[in-house]
Amino acid sequence: MTTEEPIVDSATGWVARHIRTYVDSGGTKGHLYQGLPTLLITVRGRRSGVLRRTALIYGRAGDDLVVVASNGGSAGHPAWYLNLCDTPDVDLQVGTERFAARARTATAQERPALWQTMVTIFPRYEQYRAAAAREIPVVVLERLHTGTGIDVGPA
């Protein structure tokens, strides 16, 4: 993938503003959003093929990062999750650091501990779980070596 490919940011107003602050500052602003650690994830659209970027709260599990596909407790999975299920190679920006990663849904054995990690960071996930008519996926993001993932160019 080339660095000339345009990236479409989330259409949700406050998310788009957060992403713009994060990107424009090179990650020096926006990493903490309302006191919560956030990353930017760029995924390839499963139908459009377009690169799409959103901001997510994250936690850590050893060397891996963890995010939750809560969609605010909605009945359906968020588009970014459906996209990475189709194409699991993603690009991340965590603060000032950018790198490629591979996403996977946490296994049934991993999920309880990872869920608790994320609920500790953002307790509202429990409310989302109660509201959702689905199991909310927990996603593990494993760093890849240079030369893989989506090349989105400099921050």
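This is a predicted model: local features need pLDDT of at least 70, side-chain atom pairs count only at pLDDT 80 or more; totals for chains, interfaces and linings use all residues.
Residues are numbered from 1 along each chain as its sequence is written, and side-chain values use heavy atoms, with hydrogens and water left out.

Four helices and nine strands make up the secondary structure of the chain, where helices (H or I, at least four residues) and strands (E, at least two) are DSSP runs numbered from the N terminus. Their order along the sequence is β-α-β-β-β-β-β-α-β-β-α-α-β.

The C-alpha trace spans about 40 × 30 × 30 Å along its principal axes. Of the 155 residues, 45% are buried, that is, under 20% relative accessible area with a 1.4 Å probe, protein chains only. Among contacts (heavy atoms within 4.5 Å) between residues at least 6 apart in sequence, 68% join residues at least 24 apart.

| Strand pair | Sense | Bridges | Bridge partners |
|---|---|---|---|
| β7 (residues 89-94) and β8 (residues 97-105) | antiparallel | six | Leu92 and Phe99 |
| β8 and β9 (residues 138-143) | antiparallel | five | Thr105 and Val139 |

β7 and β8 form a hairpin with two residues between them. In the turn, Gly95 has a positive phi of about 65 degrees.

How values were computed. Buried means under 20% relative accessible area, exposed over 50%, partly exposed in between (1.4 Å probe, protein chains only). Two strands pair if DSSP finds at least two bridges between them.
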